[in-house]
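Biologist: I'd like to learn how to read a model like this one. Could you walk me through it, feature by feature?

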Amino acid sequence: MERQPVSLWINPHELYYLRMQRAKEKLDKTKMEDKNQCQRKLRVCVATCNRADYSKLAPIMFGIKKQPEEFDLEVMVLGSHLIDDYGNTFRMIEQDDFDIGSKLHTIVRGEDEAAMVESVGLALVKLPDVLQRLRPDILVVHGDRFDALALATAAALMNIRILHLEGGEVSGTIDDSIRHSITKLAHYHACCTRRAEQHLIAMCEDHSRILLAGCPSYDKLLSSNHRDDYMDIIRSWLGDKVQERDYIVALQHPVTTDIQHSIKIYGLMLDALISFNKKTLILFPNIDAGSKEMVRVMRKKGIEQHPNFRAVKHIPFEQFIQLVSHAGCMIGNSSCGVREAGAFGTPVINLGTRQTGRETGENVLHVRDADTQNKVYHALELQFGKRYPCSKIYGDGNAVPRILKFLRTIDLDEPLQKTFCFPIVKDSISQDIDHILETQSALAIDLGGTNLRVAIVSMRGKIVKKYTQPNPKKYEDRMQLMLKMCTDATRDAVSLNCRVLGVGVSTGGRVNPQEGVVLHSTKLIEEWSSVDLRTPIADVLQLPVWVDNDGNCAALAEKKFGHGKGVENFVTVITGTGIGGGIIHQNELVHGSTFCAAELGHIMVSLEGPQCSCGSRGCIEAYASGMALQKEAKRLHDEDRLNVDGMDMKLTEPITAAHLINAAKLGNCEADAVLNKASTALGVGIVNMLHIVNPSLVILSGILASLYQAPVQHIISERALVSAKNIKVVTSELEEPALLGAASMVLDYATRRTY
């Protein structure tokens, strides 16, 4: 039977159907692959090097672990976690029920600079195998430790994305260099404060990859610092007899850039604590270079056997929170003191320079030059047992949800290569000698009752150019004129080859220099209360701005350019239309708790004296100010008892204090009596100042300074205590103390709390 040929012809409709079916199957397959890709869990590796960084990383690890449908958590442990001398703190990670995927012994013992370098090298040798095995999508690295630098270096070279926690901060040691190096290696950043965020942007990091999250440890400490069993925890570490707020927590680490000095400070701290005679919980220092010598100092002083001390290598973070929050004081240079302790209002004494650049709350007292035991002891006396308002500079307790949300937004398909956001820089053909010799200068503003003055002031106190206009009566007109004068001055500064570093403002009234706000003005300047000066000037000029009252500025001018240069303690008294001044104590300007320190004109020297402009009676200003002398001159003139032979007074001429002084010189007994009373009032007030702050020098400034210098010196010699009789009174030689003081805030001085 003959075989029939097979037909290869297909109906066009069937062919179309087959093609459509295959396209649909291919599309469904692509969608399924995309869906699987979208549903793939983000593989996150968290690397922890020591007890301190685990306290910041643990809240994130718990957050990741609670969402297994979105994240795959890998935990890597290295560094001092695995060393017995530092408490084998990896066990607390296991106690928190985390599976440790990799343990890397990376520390080369020696606790010196060479050992730190060798430890980084050893970590770099071991990390590639671990990272190749784990293959994380993202590596989470914390802080500024040398171990973290090794982690970031290895991950960056192996094309693994890095999330860096707590970048952008400044502390003032080698940690800054390490932290900023990790920032440049990291692809994403979760920072704690607005200032840190601005630092990261200034370092050319992509703003879209920066998260202002807050500190993760705050999530835990803000929710758990009010435990009912806190006294049980305190007594388990310090004994049954210890009471709340009657013990000290001490934690001091070596400063690797100045090891010998940090060891000296450690010894002084221990001596001061022994003398202070309070129960003290002291933690061993970290593993940085110099720690071995510090432990040796501690043991030489018998701290581990001393009945007042309990020396420990590690405390679980939850218990450490309770110990810090209920302590009478914390002392040392740990970042915990300037960060976490602020959340509880615990008083802190920060020793040395390790945390110099950190943002701190008012609970922190800095002893940067801790060169004597007495200085540390005095700081303990000042801080122990106090309580401060709680500070949330570093977080609000919601950092972890923000970080997890940030992790979800990471697109693994976007290019791995980092891009940097460099500012626009003008092309420069060559370096000009005028640029090299450019004069560093400040823009100084003096807001007086009569005139508004602006000046460009050089670093040496030379007034390069000055601008003067009548001070408008209305707030809006005054601000508009001031901003225009400042704009003109900054433009002129370029042609004068002056580089303006910032703006300093001297104004009458009570000023909050921390906020740059005039709180209450004098009656001489109208519409000048609750005025924010810093913000509008900074917005227009794009320069940092400092603000203080004219009396404080006069003291700062003397400190930098006048008789106060090199003098540790002195008082400046302004004798002009009013009476004011400033106090320099231990090289720092004294502002007082409500910014009204050194209101020298309102020291009362009589219970029933003349009425003062402040509303009180018997103030120095009511006797000795230019206004008070003018008032007395008018009284004598109205009674026809002012004019004497030799005086040239025109009928239309307004009566001033100068007429009174001239009359006294020409033998007018009543005018002379007024001046004697004014001199006595001022002298008695200054004697009171000598007995309160005990300066080594008094500087009289203003138009009446030369009139009062000799009488005040005489009253001090007659009425002061023996120990203060020889304190010298001098007249200022500065022509423009207000402008020079405003400039000095820019050139030398930023408001800070220093001891």
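Biologist: Let me start with a helix. Which residues of helix α22 are buried?

Modeller: Some ground rules come before that. This is a predicted model, where local features need pLDDT of at least 70 and side-chain atom pairs count only at pLDDT 80 or more, while totals for chains, interfaces and linings use all residues. Residues are numbered from 1 along each chain as its sequence is written, and side-chain values use heavy atoms, with hydrogens and water left out. Helices (H or I, at least four residues) and strands (E, at least two) are DSSP runs, numbered from the N terminus. Buried means under 20% relative accessible area, exposed over 50%, and partly exposed in between (1.4 Å probe, protein chains only). In α22, residues 657–665, the buried ones are Ala657, His659, Leu660, Ile661, Ala663 and Ala664.

Biologist: And what covers the buried residues of α22?

Modeller: Look for contacts, meaning heavy atoms within 4.5 Å. The cover includes α21 (626–638), α23 (669–693) and α24 (705–719). Just after α22, Gly667 has a positive phi of about 100°.

Biologist: Now sheets. What is the strand order in the open sheet of five strands?

Modeller: In general, strands of a sheet pair through backbone hydrogen bonds, either parallel or antiparallel. The rule used here is that two strands pair if DSSP finds at least two bridges between them. The order is β24-β23-β22-β25-β26, and the pairing is mixed. β24 (588–589) and β26 (728–731) are the edge strands, each with a single partner, so one side of each has no neighbour in the sheet. β26 runs parallel to β25 (residues 697–701), and four bridges join them.

Biologist: Which residues does UniProt list under "binding site"?

Modeller: The unreviewed UniProt entry gives Arg510, Thr522, Asp550, Glu599, His602 and Glu621. UniProt positions are in the numbering used here, feature names are shortened, and annotations may be inferred rather than shown by experiment. Glu599 is in the loop between β24 and α20 (620–624), and is partly exposed at 28% relative accessible area. Glu621 sits in helix α20 and is buried, at 10%. The contacts of Glu621, beyond neighbours within four places in sequence, include His602, another residue on the UniProt list.

Biologist: Which backbone nitrogen does the side chain of Glu621 reach?

Modeller: That of Ile579, at 3.0 Å.

Biologist: Last topic, salt bridges. How many are there by this rule?

Modeller: Side chains of opposite charge can pair when their charged atoms come close. Here a salt bridge is a side-chain nitrogen of Lys or Arg within 4 Å of a carboxyl oxygen of Asp or Glu. The count comes to 36. Take Lys56 and Glu340, at 3.7 Å, N to O. Lys56 is in helix α2 (residues 51–65) and Glu340 in the loop between α13 (335–338) and β12, 284 residues apart. Lys56 is buried at 5% relative accessible area, and Glu340 is buried at 5% too. Both belong to a salt-bridge network whose members also include Asp144 and Arg358.

Biologist: What about a pair within one helix, such as Lys484 and Asp488?

Modeller: Their side chains meet in a salt bridge at 3.0 Å, N to O. They are four residues apart in helix α17 (residues 475–495), so about one helical turn separates them. Lys484 is exposed at 52% relative accessibility, whereas Asp488 is buried at 18%.

Terms used. Polar contact = N/O pair within 3.5 Å; in protein donor to acceptor, adjacent residues only side chain to side chain.
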